Amino acid sequence: MSHDQPETPYLELLARGAPAEAYERPVLRARAEGAPAARLAALERAKLLALRVRGELEGRRRREAELSALFETAHDLAGLRDLDAVLQAIVQRARSLLGTEIAYLTLNDPQAGDTYMRVTDGSVSARFQQLRLGMGEGLGGLVAQSARPYVTESYFDDERFQHTRTIDAGVHDEGLVAILGVPLMLGSGVIGVLFAADRRARVFEREQIALLGSFAAHAAVAIDTANLLAETRSALAELEAANEIIGDRSEVIERASEVHDRLTELVLRGGGVHDVAAAVAEVLSGTVEFAEAHRAPATAVDRSRADGHAVRHGEDWIAAVSASGELFGALVLRGHPRLDPMDQRTLERAAMVTSLLQLARRTADEAEQRVRGELLDDLLDAPDREPRLLRERAARLRADLDAPHVVLAAGIDAPDEAAGRQRLWSAASHLAATRHGLAAARDGGTVLLLPLAEGEGGADALARRTARELGIAVHAAVTVGASAPVAAPAAGPGEVASAYAEAQRCLEALRVLGRGGEGAAAEDFGFLGLLLAGAGDGAGDAARVAGFVARTIGAVVDYDTRRGTDLVRTLDAYFASGMSPARTKDELHVHVNTVAQRLERVGRLLGPDWQSPSRALEVQLALRLHRLATAVAR
C-alpha cells in the first residue's frame with residue numbers, strides 16, 4: 001500500500017488538468033487496497049480541496065478567456081473599418097465563450113417598423129437567417145420592450161412572450177430550445193438584441209448572461225461608431241464637393257474676367273482674329289483656331305448659328321463667327337470634350353468679338369474692294385491702258401498682273417436676288433483680297449481675276465474651288481464659269497475682256513445644263529467646250545453653233561416646226577433614258593408604240609445610221625447646243 005501524502009495524487013491530477021471524475025480514483029483505489037479509515041478520510045478531504053481548487057482554476061481560465069475576448073472586441077472597435085466583420089466577430093466570440101450551438105444578432109429597422117436578422121453564427125436554416133420580426137413579437141420583442149435580458153429553457157413551452165407562426169416556424173427549422181437574449185442599448189433606447197441559443201434544454205448561469213450583455217454593449221458601441229463614421233464621411237464628402245464646386249466656380253470666374261480684359265485690350269489695340277484665338281487658347285488651356293467658313297465643319301457651324309451658342313463636335317467645340325447673315329468662319333476649341341458652361345460662354349464671347357473684328361475689317365476692306373473693282377473694270381473696259389500704270393496700281397493691292405490669271409464669272413441662286421448679289425460680291429471681294437486677285441460686280445453677277453498658282457490644278461479646278469468657297473460663305477448655291485488662263489493681264493489687257501466673255505459663256509452653259517452651284521471651265525464641256533472656248537466674236541460663235549445643229553438635227557427641228565410634232569423632245573428623252581424605248585415612254589407618258597413610230601420617223605429624217613456611236617454622239621451634242629441656243633434666245 002502506498003503511504004504517500006494524501007494530497008500527492010490530487011496535485012498530479014490538477015497539474016494534468018484531469019476531468020472531475022478522475023478525482024474519485026485515488027479514494028476508490030485506497031479502499032480497494034484496504035487502507036485504514038484515517039487514510040480514507042484524509043483522501044476525501046484532499047479530494048474536496050482539489051475539486052475546489054480545480055473549480056477556481058477553471059473559473060479563472062474562463063474569466064481570462066472572457067476578458068481576452070472582450071479586450072479583442074474593444075480592440076476591433078478601436079480600429080473599426082468594417083462593421084460587418086466586427087459584428088460577426090462579436091457573435092462568434094459570444095457563441096464560443098458561452099458554449100452554445102448558435103448565436104445571432106437582430107437590429108431594429110425604424111423605416112420598416114420591424115426587426116431583422118443582422119448576423120448569425122452556427123445557423124443552418126435559411127428561413128431562420130432571413131427572419132423579420134414585428135416589434136414586440138417573440139422573445140426578442142420581450143427583451144426590446146423591457147430593455148432587460150430574458151432567458152427561456154424551452155422556447156415553445158414559454159408563454160411569457162408573444163408567439164407568432166412566422167417566428168415559431170423559423171425557430172423550429174433551426175431546432176432551437178433554450179434561448180438567451182440581451183438588449184443592445186444606445187442611451188435609453190433598444191436598437192437590437194444579441195442571442196445565444198442551444199438545440200437542447202439548458203440553464204444559462206448569471207455569469208453567462210452578464211458576459212453576453214457585455215458583448216451586446218460592445219456591439220451597440222460598434223453600431224453607433226459605424227453610424228457616426230458614416231455620417232462624418234458623408235458630411236466630409238459633402239464639404240469636399242462644396243469646396244470643389246466653390247473652387248471651380250472661383251477659377252472659372254477668374255478665367256472669364258481674364259479673357260474679358262484680354263479681349264478688350266485686343267480690340268483697343270487693333271488685334272486680329274488669330275490674336276483672339278491665341279488669347280482664348282491660353283485662358284482655356286487648350287488649342288483654339290479660327291477656321292475659315294469653307295474649312296469649318298458645316299453641320300456643327302450650322303447648329304451653332306441656329307442656336308447662337310457654341311456646340312460640341314466630337315472632341316471639339318465650335319462657335320460660329322457670323323454677322324448680318326454672313327458666315328465668316330468659326331472658332332474651334334480642340335481637346336476639351338467636357339467644357340464648363342462658363343468656359344463655353346467665354347468661347348461664345350470670343351466668337352462675338354471675332355465677328356466684330358471681322359466687321360471692322362470689312363469696313364476697311366470695302367474701300368480696298370472698290371479700288372480692286374475699279375482696276376478690274378479698267379482691264380475689262382479700257383484695254384488700251386498703259387501697262388506700267390496697271391502694274392503700279394496692282395502692286396499697291398499686292399497683286400501681280402504679270403503672273404498667269406483666270407477670269408471667273410460667278411452667279412448666285414438665291415430667293416432675294418438683290419441681297420444675294422450683294423452677299424456674293426462681298427464674299428468674292430474678300431476671296432480676291434486673300435488670293436491677291438481682283439473682283440468687281442458686273443452684268444448682274446460678279447467677276448473675279450484670280451492668280452493661277454502652280455500645283456493647284458488648272459482653270460477648271462480653280463472654278464470648282466471658287467464655287468464651293470463662295471457657296472459656303474454666302475450660304476447659297478453659287479455657279480462659277482472660268483476662262484482659259486491669261487498669261488499676263490497687264491501685258492495684254494485686251495485678253496482679259498475676251499476671257500471674261502468665255503467665262504460668261506461657261507457660266508450660262510452650266511445653268512442651261514442644270515449644273516447650278518458648280519464650277520467649270522470650257523475644257524469641262526468636251527466638244528461643246530471647244531465651241532465655247534474657240535469663239536472669236538459673238539456673231540461667229542452663233543453661226544458655227546447654228547451650222548452644226550442644222551447639219552446634225554436640222555431635219556428633225558424643221559419637221560417639228562412644220563408639223564407641230566415632238567420629235568426633238570422625244571430624242572432628248574430617248575438618250576436620257578439610255579436609248580431604251582420602254583423607259584422613254586415612261587418619261588414622256590406615252591405608249592411605247594408612239595415612241596417607236598417617232599423614232600422611225602427620226603430614222604427616215606436623219607438616215608439609217610443615226611444610232612451608231614459616232615452619229616449618236618453628234619446628235620446628242622447637237623441636241624444640247626440646240627437647247628442652249630433656245631435658252632439664250634429666250
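The following questions and answers concern a predicted model of a protein.

User: What percentage of the accessible surface of the protein belongs to carbon and sulfur atoms?

Analyst: The accessible surface of the protein comes to about 32,400 Å². The part of that surface belonging to carbon and sulfur atoms is 52%.

User: Among contacts between residues at least 6 apart in sequence, what percentage join residues at least 24 apart?

Analyst: A contact requires heavy atoms within 4.5 Å. Among the contacts in the protein between residues at least 6 apart in sequence, the share joining residues at least 24 apart is 62%.

User: Which word describes the orientation of H13 to H14, oblique or perpendicular?

Analyst: The axes of helix H13, residues 417-434, and helix H14, residues 459-474, come within 9 Å and cross at roughly 125°. Angles of 65 to 115 degrees count as roughly perpendicular, and those over 145 as roughly antiparallel. The crossing angle of roughly 125° therefore makes the orientation of H13 to H14 oblique.

User: How many residues of the contact of H13 with H14 are nonpolar?

Analyst: H13 passes H14 in a right-handed crossing. The contact is made by Arg423, Leu424, Ala427, Ala428 and Leu431 on the side of H13, and by Thr466, Glu469, Leu470, Ala473 and Val474 on the side of H14. One of these residues is polar and two are charged, while the number of nonpolar residues is seven.

User: Which is alanine 432, buried or exposed?

Analyst: Alanine 432 is found in helix H13. Leaving aside neighbours within four places in sequence, alanine 432 is in contact with Arg372, Gly437, Leu438, Ala439 and Leu450. The relative accessible area of alanine 432 is 0%, so this residue is buried.

User: How far apart in space are alanine 432 and proline 451, C-alpha to C-alpha?

Analyst: Alanine 432 and proline 451 are separated by 19 residues in sequence. Their distance in space, C-alpha to C-alpha, is 9.3 Å.

User: Which is serine 304, buried or exposed?

Analyst: Serine 304 lies in helix H10, residues 298-307. Beyond its neighbours within four places in sequence, serine 304 touches His309, Ala310, Val311, Ile318, Ala319 and Ala320. With a relative accessible area of 4%, serine 304 is therefore buried.

User: What is the phi of histidine 589 in the loop between H19 and H20?

Analyst: Most residues other than glycine have a negative phi. Histidine 589, in the loop between H19 and H20, is exposed, with a relative accessible area of 71%. Its phi has a positive value, near 60°.

User: Which is aspartate 443, buried or exposed?

Analyst: Aspartate 443 has its place in the loop between strand E12, 438-442, and strand E13, 445-451. Although it is not a glycine, aspartate 443 has a positive phi of about 55°. Its relative accessibility is 57%, so aspartate 443 counts as exposed.

Note on methods
Residues numbered from 1 in each chain as written. Predicted model: local features only at pLDDT ≥ 70, side-chain atom pairs only at ≥ 80, totals over all residues. Heavy atoms only, no water. Areas by Shrake-Rupley, 256 points an atom, 1.4 Å probe, with all protein chains shown as cover. Axes fitted to C-alpha atoms, helices over the stretch in contact; angles between N-to-C directions. Helix = DSSP H or I, 4+ residues; strand = E, 2+ residues; numbered from the N terminus. Parallel < 35°, antiparallel > 145°, perpendicular 65-115°, else oblique. Left-handed = near helix turned anticlockwise from the far one by under 90°. Nonpolar A, V, L, I, M, F, W, Y, C, P; charged D, E, K, R; others polar. Buried < 20%, exposed > 50% of the residue type's maximum accessible area, 1.4 Å probe, protein only.
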